Amino acid sequence: MTESRLTGPVRVVGVGLLGASIGLGLRAKGVDVILADASPTHLAIAVDYGAGRAAAAGDRPQLIVVCVPPDVTADVVAAELEAYPEAIVTDVASVKLAVYENLKARGADLSRYIGTHPMAGRERGGPMSGRADLFVGRPWVVAAHGGISYQDGSAIDDLILDLGATLVELTPEQHDAAVALVSHVPQVVSSLMARRLIDAPHASVNLAGQGVRDVTRVAASDPELWVQILGQNSAPVAEILRGYRDDLDRFIDALDNMDAPGARRRIAEELFGGNTGVERLPGKHGVDRRYSSLIVMIDDRPGQLARLFNDVGEAGANIEDLRLEHSPGAQIGLAEISVLPEVQQHLTDELAARGWRIAG
């Protein structure tokens, strides 16, 4: 067990995925974690899983982490600030400015509060989905404001570092603009694209490959939660969507007039713009780098994926990313392996020599 920066106790209010994961991560470092939740069942499950102990009279937490839905975050933070006048309070809601302004308007003690947002999650929620390593290597935003001293806010920094995350400092306005672009608008676009599948013929849906799965993956998210998030960050999201609508209008106009001068050039430039934009996304370990890929055909039977991993390792290559896709109507899968460009040809030759079928 590595030593914790926090002295504790740490009170976690709300033991869903994030709250339970925070508790599990801190307990792994020996920190006394106090759990509270409006649901007795969620609380009991989180305690049984080892995320902490139930709250008791006389608790004096060093730090309080509020992990509740966005529409009640400000209310719960205000109540915790009042109930524990010696504690520093933070929250992990995915929108920061609305919570800060709400607390400021009601006269809450902002000298003991600062909002944060860990950029981590899973497709499943609830305390049973909690993981002690959920935040390792992930960005965790601290939405800084001038009302809290560096010394008082250091407990929040310690929390982030204890859980293995990377601290990123932004203002609440900067945070909300950033997540609107990289999280909230993608959610809207993904959901609207997925709606096109509702009335699509079965023959069309059965042809779905990795492209449509990538675009629609986050469309499975909880609509109720997203109504709350979008409601609290509506202005930045709407601004980006208006720009996106303009892009779509230009693209549609070109498609409707393919024989017009410059139409194909316009389409090519829009697509090339997508290439340029995706190159800016951080890759593994936060390095801006485009990987090369090769697609390996795998028989759909036990042990084949493990054998592929072993052969890639013996070839001296590292898998930077991996996507799996099943071929409709066939007992094979397709593994798209992303590797550094300089090892792609060597790995292709090595795998072919070991009997693997390389698509394309």
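Helices (H or I, at least four residues) and strands (E, at least two) are DSSP runs, numbered from the N terminus. This is a predicted model, in which local features need pLDDT of at least 70, side-chain atom pairs count only at pLDDT 80 or more, and totals for chains, interfaces and linings use all residues. Residues are numbered from 1 along each chain as its sequence is written, and side-chain values use heavy atoms, with hydrogens and water left out.

View A. The term stands for a side-chain nitrogen of Lys or Arg within 4 Å of a carboxyl oxygen of Asp or Glu. Both residues belong to helix α10 (residues 234-256) and sit 3 residues apart, about one turn of the helix. Arg 250 is partly exposed at 35% relative accessible area, and Asp 247 is partly exposed too, at 31%. (Buried means under 20% relative accessible area, exposed over 50%, and partly exposed in between, using a 1.4 Å probe and protein chains only.)

**View B. From helix α10 to helix α11.** Follow Arg 250 to Glu 270, and you find a salt bridge whose closest N and O atoms are 3.2 Å apart. This pair links distant parts of the chain, as Arg 250 is in helix α10 and Glu 270 is in helix α11 (residues 263-278), 20 residues apart. Glu 270 is partly exposed, with 26% relative accessibility. Asp 253 and Arg 266 form a salt bridge as well, with their closest N and O atoms 3.0 Å apart. Asp 253 lies in helix α10 and Arg 266 in helix α11, so this pair ties together parts 13 residues apart in sequence. Asp 253 is partly exposed at 39%, as is Arg 266 at 34%.

**View C. A network of salt bridges.** Arg 307, Asp 311, Glu 314, Glu 350 and Arg 354 are linked in this network. The structure as a whole holds 20 salt bridges.

**View D. Inside the largest nonpolar core.** A nonpolar core is a set of buried Ala, Val, Leu, Ile, Met, Phe, Trp, Tyr and Cys residues joined through side-chain atoms within 4.5 Å. The largest one has 32 residues, of which Ile 22, Leu 26, Trp 140 and Leu 159 touch the most other members. Elements giving two or more residues to this core include α1 (17-27), β7 (139-143) and α5 (150-162). The largest share, 5 residues, comes from α1.
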